[in-house]
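Student: Could you walk me through this model, one question at a time?
Tutor: Gladly; let us look at it together.

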Amino acid sequence: MGITLVNVKHQDVLQNLYEGLYQQLVDISDLPGINTICAKETVEMIRNRFDIISRSAIHFLGNGNFHYLTLPLLQKYKHPFSLIIFDHHNDAGKLDYEGFTSCGSWINEVVKLVPAVKKVFLVGCGEENDKEMSQEITEKIIIIPERELNPLKLYQVSEMIPTKDIYFSVDRDVLTPKEVQTNWDQGNVSTEELIDYIKILSKDHALIGADICGDLDWDYNMSKEYKKIPAREQAYHVNRQLFETFETILKKTETFPSEQQIV
């Protein structure tokens, strides 16, 4: 099935930056009002494009402003699964704009609109990014802050997952800026640690899909803040490691069928 790259802006340099790492492209750059906050009608249009074009289980969504794209990716699943999110931020905050979702509130829509999601695990959130959440959300989400992260804790979390099937959504801002840069403030997890945590959580479960976001907003102005070549090499290397990790786990799932596959 390979990797699908989601193109979110015209002349997106991601297509060249990650050349060789993806096999399919879904272009949504023609849709208006998709950066950071998005009308739910537009989200539905994006969902239709995913359903028609993408045959991948793994997607790269670009920078963290587009983390809400996880929502339309999840809506195709009908059998129970657990959503595991690695993110330095709590994306279950309240949004005051009716009829919209955003990169900081999309988990609310997942809980309301994707009944197949039985539990949400938010892993790696920085305490400074804590947010007020509705009771409906707090009953369905378990937060494991960054300060509690270690292998033993993740083994305990794995035992708490109530479903066989799992889906990972990774925002690279959970990683230390020493290894990769994003367009948001970041945590201190290393890439090696993140991959170890993913393997621990998937060991006794069946992976049905994954997405990754948390890129830089690659534009001409970005070169003023980062040296382009080193930053691009880091981004490519981290993405390759994450893609390969998820592809390896998916191959394991082929011999350990998920509920989604037994339809």
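Tutor: Two strands pair if DSSP finds at least two bridges between them. Helices (H or I, at least four residues) and strands (E, at least two) are DSSP runs, numbered from the N terminus. This is a predicted model, in which local features need pLDDT of at least 70 and side-chain atom pairs count only at pLDDT 80 or more, while totals for chains, interfaces and linings use all residues. Residues are numbered from 1 along each chain as its sequence is written, and side-chain values use heavy atoms, with hydrogens and water left out.

Student: Over how many bridges do β9 and β10 pair?
Tutor: Strand β9 covers residues 165-171, and β10 covers residues 206-213. They pair in the parallel sense, and the number of bridges is seven.

Student: Which residue of β10 is the bridge partner of F168?
Tutor: Let us come at this from β4 (residues 58-60), which pairs with β10 in the parallel sense over three bridges. There, I58 has A210 as its bridge partner in β10. For F168, the bridge partner in β10 is A210.

Student: How many residues of β10 are buried?
Tutor: Buried means under 20% relative accessible area, exposed over 50%, and partly exposed in between (1.4 Å probe, protein chains only). Strand β10 is mostly covered, and its buried residues number eight of eight.

Student: Is I84 buried or exposed?
Tutor: I84 sits in strand β5. With contact meaning heavy atoms within 4.5 Å, and leaving aside neighbours within four places in sequence, I84 is in contact with F121, V123, I161, I166, Y167, F168, S169 and L201. Because its relative accessibility is 1%, I84 counts as buried.

Student: And which residues does Q75 touch, not counting residues up to four places away in sequence?
Tutor: Q75 lies in the loop between α3 (70-74) and β5 (81-86). Its relative accessibility is 12%, so Q75 counts as buried. Apart from residues up to four places away in sequence, Q75 touches R47, L113 and V114.

Student: What is the phi of T36?
Tutor: T36 belongs to the loop between β2 (24-27) and β3 (37-39). Most residues other than glycine have a negative phi. T36 is not a glycine, yet its phi is positive, at about 75 degrees.

Student: How far apart in space are E127 and R147, C-alpha to C-alpha?
Tutor: E127 is in the loop between β7 (117-125) and α5 (135-138). At 52% relative accessibility, E127 counts as exposed. E127 and R147 are 20 residues apart in sequence, and their C-alpha to C-alpha distance is 8.4 Å.

Student: Which element gives the largest share of the lining of the second largest pocket?
Tutor: On a 1 Å grid over the protein atoms alone, a pocket is an open set of points where a 1.4 Å probe fits, with protein on both sides within 12 Å along at least five of seven lines; lining residues have an atom within 4 Å of a point. The second largest pocket is lined by 14 residues, with K94, L95, N108, E109 and K112 nearest its centre. Two elements give two or more residues to this lining, β6 (100-102) and α4 (106-113). The largest share, three residues, comes from α4.
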